[in-house]
Amino acid sequence: MNKIKIGWSEVSIVPEGRRIDLVGQFYERISGEVETPIAVTALAIECGDDHLVWVSCDLPSASYKLLRSIREQLPEDCGFDKSKLIINAIHTHTSMGYADRTDSFFKASRALQIFKPDHINYVPMAHDDSPDILRGEEAKAFLVERIVKAATEAWANRAEGACAFGFGRAAVGLCRRACYDDGSAKMWGDTNSANFVELESGNDSGIELMFTYDTDKKLTGVVANVACPAQVLEHQSFISSDYMGKVRSKIQEKYGKDVGFLGILAPSGDMCPRDLIRWVESPVCKNDPNIERENIIERRADPSMFDVKGCEKVAKRVANEIFWALDDVEEYFTEPEFLHKNLTVDMPLRRVTMEEYLTAKKAVEDFFDGRTEDIGYEDNARMQIYGGIIGRYQLQQTMDVYPIEIHVIRLGDVAFATNPYELFLNYGNQIRARSLAKQTFLVQLSCGAYGYLPTEKAEAGSHYSAFVGSGSAGHVGGDLLVRKTLKEINEMFR
């Protein structure tokens, strides 16, 4: 018999007595208090001849470089195939940076350093060299140790049980790119404008759910696949796992502190927790050059999705759907068919033209021409589009494709598929709509951190999240990823 075995582990990544660099914005932040604890949660599944160990991390990214270090540090006798280890990030912007947190090949800000005169310095908004700040290689080593601990504990904890599946629906992720009548688009674009036409895409309110149980049908864990990054609190200066951490707390308050919660993000590179139509301003200092509102109109809508109150609202919406879906569970699987493939896909590098390169080079040169004052995060943000073009032009002289790791899994009549991007929503819609599985969990920001992967429409509209420096692949790569993922899923179900 191929009885399913399931194990869970949760390990804190709050660095006790230490502060951290908070990453994910153009400007620098150093943490204050802990608003909601950050952790890594591992789920181990073994059934028949196959298995997986999946670790969801309350981090901004889960780079392939980090994954490689974790696999290297796992004991040789860990008991499971290291290639079957998966990591993903919930993309909170109130968690720690670490060495090698991105797999991108060229930082756009580096272009400024290439052209910057020696007499001009970069002045960070927040700077502190205190030894109590956990950062860089030390932070990476800390994370590797904690993730290895969670993975090995989950594997050791596996025991016979059952799984079940459910579905929920909550208005959480909304499109964050506004389109205008001149063909342009803007992330966080102001919709209170006569030339605003539409939001660039729709949204996905569906929540794919999986539940695990022991042999007495007692709940042991929840997996929730939500199409919205954990970024309500992204501009704050405290440590937080954002709405995902609050969902975990609500589940554990109701069902027990030992119940695991694996939060995984569905394709949502162009999604956010904020309604651009019913924009509600926040008193939080955002310091984000992409968020500009000149004429604020008071709205009767959600609370500000920059603040804790809004974060709690999102968490309640997700948690309530989980609770209702749990009440509806009738079918439990103890011997599901289980297949797990770790695949390498060669992705085409998004390229730029000579004309684009020369235009970008001139823009950066003009920026520094005659400049005497130092530069800061706003300058980096303003020049990022040009820096990305310059870096990509240089890179494409020696690189045409690059490998990524994806995982495709069948568990009963359900499919799971990962990707290492902030994948735009419509790619996920294409995969789900054509998948032969009864239910399809799609997980972005997994086993790599290669930036945004925009659609062709978004590339035409441009702006942050869609210009070259925002990611490593373009719509050609997105189409390839869709075809490859569908092929692998559907072959498992034919």
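Analyst: The protein chain contains 10 helices and 22 strands, and the model is a predicted one. Its C-alpha trace spans about 75 × 55 × 50 Å along the principal axes. The radius of gyration is 22 Å, which agrees with the value near 23 Å that a compact globule of 494 residues would have. Of the 494 residues, 61% are buried. Among contacts between residues at least 6 apart in sequence, 81% join residues at least 24 apart.

Eight of the nine residues of E4 are buried, so the strand is mostly covered, buried meaning under 20% relative accessible area. E4 pairs with E5 in the antiparallel sense over eight bridges, and Ala 42 stands opposite Val 55 of E5. These two strands, E4 and E5, form a hairpin with two residues between them. Gly 48, in the turn, has a positive phi of about 65°.

E4 also pairs with E1, again antiparallel and over eight bridges. Here Gly 7 is opposite Ala 44 in E4. Strand E1 (residues 5–12) in turn pairs with strand E8 (residues 159–169) in the antiparallel sense, over two bridges. One of the bridge pairs is Ile 6 with Ala 159 of E8. In general, the strands of a sheet pair through backbone hydrogen bonds, either parallel or antiparallel.

Nonpolar side chains tend to be buried together in soluble globular proteins. Met 210 shows how far such contacts reach along the sequence. Leaving aside neighbours within four places in sequence, Met 210 is in contact with Ile 45, Cys 163, Ala 164, Phe 165, Gly 221, Val 222, Val 223, Leu 411, Phe 416 and Phe 441.

Four strands form an open sheet of mixed pairing, in the order E17-E18-E19-E21. Strands E17 (338–348) and E21 (439–443) stand at the edges with a single partner strand each, so one side of each has no neighbour in the sheet. From one strand to the next the twist averages 20°. E17 and strand E18 (residues 401–411) run antiparallel and are joined by 11 bridges. Within that pair, Phe 338 has Leu 411 of E18 as its bridge partner. Helix H10 (residues 475–493) packs on this sheet and touches E17, E18, strand E19 (414–418) and E21. The direction of H10 makes about 160° with that of E17.

Ser 63 counts as buried because its relative accessibility is 0%. A polar atom of the Ser 63 side chain is 3.0 Å from the backbone nitrogen of Leu 66. Beyond neighbours within four places in sequence, Ser 63 is in contact with Ile 87, Tyr 98, Asp 100, Arg 101, Thr 102, Asp 103, Gly 448 and Ala 449. His 235 is in the loop between strand E14 (219–226) and helix H4 (242–255). His 235 is also a buried residue, because its relative accessibility is 4%. The side chains of His 235 and Tyr 27 are joined by a polar contact of 3.0 Å.

Methods:
Residues numbered from 1 in each chain as written. Predicted model: local features only at pLDDT ≥ 70, side-chain atom pairs only at ≥ 80, totals over all residues. Heavy atoms only, no water. Buried < 20%, exposed > 50% of the residue type's maximum accessible area, 1.4 Å probe, protein only. Polar contact = N/O pair within 3.5 Å; in protein donor to acceptor, adjacent residues only side chain to side chain. Pairing = 2+ DSSP bridges. Axes fitted to C-alpha atoms, helices over the stretch in contact; angles between N-to-C directions. Contact = heavy atoms within 4.5 Å. Rg over C-alpha atoms; globule rule 2.2 N^0.38 Å.
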